[in-house]
Amino acid sequence: MKPYHPNEIEPKWQAIWEATKTFEAKDFAKQPKMYIAEMFPYPSGYGLHVGHVRNFMIVDVLARFYRTLGHNVMRPFGYDTFGLPAENYAIKSGLPPQETTLTNINHFREQFKRMGMGVDWSREINTSDPEYYRFTQWIFKKLFEKGLAYQADNFQWWCPVDKTVLANEQVENGHCWRCGSEVEKKRMKQWFFKITAYADELLADIDELDWPEKIKTMQKNWIGKSVGAEVEFEVENTKTERKTARGKTRDLPTKIKVFTTRPDTIFGATFVVLAPEHRLISQLVTKNTRGEVEQYVTSALRKSEVERQESKAKTGVFTGSYALNPMTKKLIPIWVADYVLGSYGEGAVMAVPAHDERDFEFAEKFDLPIVQVIEGGGGEKCYHGEGALVNSGQFDGIDSAKAREEIVRELAKLGIGREKTTYKMRDWLISRQRYWGAPIPIAYDKTGKAHAIPDDQLPVLLPKISDYLPDDSGHSPLAKDKKFMKVVINGEEMTRESDTMDGYACSSWYLLRYADPHNSQQAWDKKKVDYWNPVDCYVGGDHAVAHLLYVRFWCKFFADEGLLGFREPVKKLLYNGYINAPDGKKMSKSKGNVIDPLDIVEQGYGADALRTYEMFIGPYDMDAAWSTEGLSGVHRFLNRVWTLTQEYLNAKNPAKTAKHRQMLLKLQHSTIKRVTEDLHRNSFNTAVAALMEMVNGLYKLKVDGFSKEWGSAIQALLVLLSPFAPHLASELFEQLGGDLNRATWPEWDEKYLMAETATVVVQVNGKLRGKLTVDAASLEDVAKLEKLAKKEPSVKKYLEGQTIKKVIVLPKNKLVNIVL
């Protein structure tokens, strides 16, 4: 009997699949399409570890399943190659990122192929390929032309270690998402994409998505819609000239805009608070307060927004200026405090300490007035609820909800207020002061006006440089290349933008490029994209907010431009849990606890054991710890499948009919049903468990010898197993005389799933008097059931000497009722 040697079988089938282009998808095929993809990886120099494999394996199992079901499956792959790791490695080693990236890609591809991934390699994508980022730059231009790409000078998150700005989504608990260092705020001129223009639609469409509820909730919370009013507070103007630091005179700003969700409490606003980032602070300070305010602002901007929100102790400083409450006509002081965030609303609040907890704590600490304007709270010093207005002039006695409408109407009449919706989500900051990214396709004329680079000059290629070090000036290393920085547009010499784009830009449209990856004339052909997209199933375990929001934003923009025939990019999202190290800790090269999947393959377990174990380890959406014992158990299971098939093939003179034919058929068809339904609901671990149970059952039945009917059962087993262990299944299917690539997914027959026996309740005058155990096939034989019921000893004694009026037989209810 041939032994099971995965390291002989697996290379054979990998070579066959590559030579025959088994997994290449066909555009516009007649079969129903199925587009399945994972969130493509950054190809680090360390390669993949077994924790990464789960994400990719889910995609591969589903792709193989749907292909066998008869779908036209596209399962592409690519690499998200721009970013800091490659650039930081270039700084250390002197090797250009272009070279190290290609080396890493080759290693990833080898790992993927040796794990038997059924990828359409003809659609492979690399985001740092100029033919790819050429169209990322073209998309930037489209957004720029529509006013959705713009520059703004503002405080930005700055990573002092990586020396680049970060988007809000890339700051995690006050630290850089990439290097983990503490971030700070720095005022810089940056490029933004106006994602807030689509905020309402992004929020409204979330509930219709077939995505995990936790991901949808995270997206809703990040968008953070608030409905309220924008109100203008006029700054007291004493007509006193104030000197700037350079001795020039200046006027005070005339008004401060605040956003509030409770305009009904405006009569209780006793002070105004500005965020430390607010632009007007420098104009509001007096000679006496300047030093203290500047010191406070500098200190506050060293804190992350998370720290500022979590801090229980309220801090602040008085600017020395006052504003006029537009409803009470009273002057109220203007303060600066770090509990107000520049990223929310206008970066300024009207403080109503009687009805807002943070304002109350601040007022208590600094002895500021507290005026109740909403009735209720049962004597609480700070009441947050609804109620009738008090101390609110002509609005006294009006309910809060109605008062909100009437006060906003009054403010609008006065020209100092209006209804407004604001969002926690800010516009997408895309400028990066680093080398390794897609250059922003903008140049500036002598007046500083921004111009888009013409299409015939795209792509703006990254030049080869030797000094990758950024500096503290806020410019990327590209600014040092004088030749690169100069460009001629329409005969005029201009200066290029030196910033590169955030890597998320390149990863926000790759799902569209997969549909038409070799198009050199346009980013994609609309017919091809509309055939394949939206993605039917997208799998990932990271980037729950930023990436998914950006992909949705761009999809909606492209639809508005007539480039797509759909508005949501992903139909179904699977969000997988992590596979951690054996001790439960996250796998990390720095911790020395990563496990290379190729080590598993080369140790003799083979790729199929790794694949199957990754799917069997637990529910796909839950974290799990790696276990070598568990891997060994799966390898033994596959060995049993191999051995069982060899024993069948070597059986001499197998019988025509199995001794336990019904049991064999029931085992076969029940497993087909279980595995099929499990895969449809993405319950991969229970599907593998069902296959193990089938093998156990077959081993019990084979003690009575094989029959020719076993061939069908084993073939069904191999097809069911093929998404998980495709090499083993293909090899054994071939030994049985078939071609697994031509096989179709088996179907179950319900008649084989019925119980072999049935219990029939026998009643006499509606009372239980006995039970019958009959063949399941006898249930439809009414005369037989009636006859057996009358003969049943426990029933017969109730019939003696009695006249039977009628017998009611209900086969579906498994009931016989004898009426006397």
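This is a predicted model: local features need pLDDT of at least 70, side-chain atom pairs count only at pLDDT 80 or more; totals for chains, interfaces and linings use all residues.
**View 1**
Rolling a probe the size of a water molecule over the atoms shows where empty space is left. Here the count gives one cavity of 30 Å³ or more, and the largest cavity holds about 80 Å³ of space. The residues around it are S508, W509, Y510, L511, L512, N533, V535, V551, W554, C555, F558 and P569. Sorted by type, that lining has ten nonpolar residues, two polar ones and no charged ones. Helix 15 (510-513) and helix 17 (546-560) each bring at least two residues to the lining. Which helix gives the most? That's helix 17, with four residues.

**View 2. Cysteines without a partner.**
Searching the whole structure for disulfides turns up zero. C506 is in none, and the nearest cysteine sulfur, in C555, sits 18 Å away. C555 also lines the largest cavity of View 1. Are C506 and C555 buried or exposed? C506 counts as buried because its relative accessibility is 2%, and C555 counts as buried because its value is 3%.

**View 3. Strand 17 and its pairing with strand 14.**
Strand 17 covers residues 348-351 and is covered on both faces. A348 and M350 are buried on one side, while V349 and A351 are buried on the other. Strand 14 (residues 271-274) pairs with strand 17 in the antiparallel sense, over four bridges. To find your place in that pairing, look for V272, which stands opposite M350 of strand 17.

**View 4. V340, a loop residue under cover.**
V340 belongs to the loop between strand 16 (331-336) and strand 17. What does V340 touch, leaving out residues up to four places away in sequence? The contacts are V273, L274, A275, P276, E277, R308, G347, A348 and V349.

Definitions and conventions
Residues are numbered from 1 along each chain as its sequence is written. Side-chain values use heavy atoms; hydrogens and water are left out. On a 1 Å grid over the protein atoms alone, a cavity is a set of points where a 1.4 Å probe fits but cannot get out, and a pocket is an open set with protein on both sides within 12 Å along at least five of seven lines; lining residues have an atom within 4 Å of a point. Grid points are joined across faces, edges and corners, and a volume is the space filled by probe spheres set on the points. Ala, Val, Leu, Ile, Met, Phe, Trp, Tyr, Cys and Pro count as nonpolar, Asp, Glu, Lys and Arg as charged, and the others, Gly among them, as polar. Buried means under 20% relative accessible area, exposed over 50%, partly exposed in between (1.4 Å probe, protein chains only). Two strands pair if DSSP finds at least two bridges between them. A disulfide is a pair of cysteine sulfur atoms within 2.5 Å. Contact means heavy atoms within 4.5 Å.
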